[in-house]
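Here's a quick briefing to read alongside the structure. Have the viewer open and follow along, topic by topic.

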Amino acid sequence: MNEQRTLTLTPALIGGVLVGILSGIPLVNCLCCLWIIGGAMLASYLLIKDSTARLTSSDGAIIGVFTGIVAAVVKTVVELIMTPLNKRFFQGLMERFAEYMEEMPPGLEEMFDESAFETTVPRILIGLLMSGIIFSALGALGGIIGISLFQKKPPQPPQGAPNVPENTGNRQP
Amino acid sequence: MSQRNRIALVYFLTLGGILLCVGIIFLAPYLKSRGSGLNAFAYLFFAPTCHQIPARSICFFGHPLAVCARCLGIYIGFLGGMGIYALRRGFSAVAMPKVRTLILVTFPLILDALGNLFHLWNAPHWLRFLTGILWGSILPFYFITGVADFFIQKKRLKAGRPENIS
């Protein structure tokens, strides 16, 4: 059990850091929640690869939650670093739009006004808290899906041996 | 607490969570239409997981919803999937869906998302919404299974029974 707990953190760190970086980069983060689910699935895959024990869906949920928490922290840090760059990039983009388009797409100006780039401490903390909650839930989901997809099938018992009931980490027949 | 009650508890807590999420999605534009500053928190709640691009969001009370059309489909699909889960599985046991079912419902969403990402096409709101609903409807079968299994395993560990016996 201790060995399994030690293994749980490394895949979650790898998946969480990767997802946090991708989620924090503008334009790349357009895949929304699919990043965090994909990252948690990656963490599940790495955990299965490194584990000798057969894993259950609850193991997927746990590693997914850890992945989500790591991703939320990393995403917040990446966004803090990227905010001045984002501001310059999107202001440049708005100027280009204004040159070539008679009318702005609806909602675009509002989306990129000054308030969108504010980095006050309360805003950062609230963002981190909300990211943590949502990423944990989505991470749990991704981890469970990952276990379902990547878990190796149990070895077939030799002919004549009694059937052993499957645990809830396995799919229904 | 029996296994059945644990599964039911996970189910109803999840149902409460998804109802809250869907409520906030629709509350955000309503609050904005009324000039309430609270709408910022509603939009901020979904900001980590949705690009919230107004052109890709359905409008409600004259303002875009807190999530895009695809994400709205996923949340609504999840809510619908909760109903299907209760009817198909009940609360007596948990089991994961088949992989081919997951692939079947995921494929349209991935295809549409990649097509839009690489500018092969620009899908209308209704198509994004539908692909989201399809995928969202299977998610409760994984979420409830995994979370309920966590609490069942925890109970078994406390009782001193080995983990992998169902």
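Chain B comes out with a mean pLDDT of 87, and 96% of its residues score 70 or more. Keep in mind that this is a predicted model, with an ipTM of 0.82 and a pTM of 0.80.

**Where to be careful**
- Residues 162-166 of chain B have pLDDT under 50.
- For that stretch, the model has nine contacts beyond four places in sequence.

**Helix α1 of chain B**
- This helix covers residues 3-33, which is 31 residues.
- From first C-alpha to last, α1 of chain B reaches 46 Å, close to the 45 Å expected at 1.5 Å a residue.
- There's a bend of about 30° in α1(B) at B:Leu27, and the proline B:Pro29 follows within four residues.
- Both B:Leu27 and B:Pro29 are on the list of buried residues of α1(B).
- Other buried residues of this helix include B:Arg6, B:Ile7, B:Val10, B:Tyr11 and B:Lys32.
- What covers the buried residues of α1(B)? The cover includes α2, β1, β2 (63-64), α3 (69-88) and α6 (139-158) of chain B.
- After α1(B) comes B:Gly35, which has a positive phi, near 75°.

**The loop around B:Pro54**
- You'll find B:Pro54 in the loop that runs between α2 (39-46) and β1 (59-60) of chain B.
- B:Pro54 counts as partly exposed because it has 16 C-beta neighbours inside 10 Å, while a buried residue would need 20 or more.
- B:Pro54 and B:Ala66 are twelve residues apart along the chain, and their C-alpha atoms are separated by 9.2 Å.

**Chain A overall**
- Chain A has five helices and zero strands, so reading from the N terminus you get α-α-α-α-α.
- Of the 173 residues in chain A, 38% are buried.
- Take the contacts in chain A between residues at least 6 apart in sequence: 84% of them join residues at least 24 apart.

**The loop around A:Leu55**
- A:Leu55 sits in the loop between α2 (34-50) and α3 (57-100) of chain A.
- Is A:Leu55 buried or exposed? A:Leu55 is buried, because 25 other C-beta atoms lie within 10 Å and the cut-off is 20 or more.
- A:Leu55 and A:Lys152 are 97 residues apart along the chain, with their C-alpha atoms separated by 9.5 Å.

How values were computed. Residues numbered from 1 in each chain as written. Chains lettered and ligands numbered in written order. Predicted model: local features only at pLDDT ≥ 70, side-chain atom pairs only at ≥ 80, totals over all residues. Helix = DSSP H or I, 4+ residues; strand = E, 2+ residues; numbered from the N terminus. Buried ≥ 20, exposed ≤ 12 C-beta atoms within 10 Å, placed from the backbone. Contact = placed C-beta atoms within 7 Å. pLDDT = per-residue confidence, 0-100. Expected span 1.5 Å × (residues − 1). Bend = angle between axes of the 7 residues up to and from the residue.
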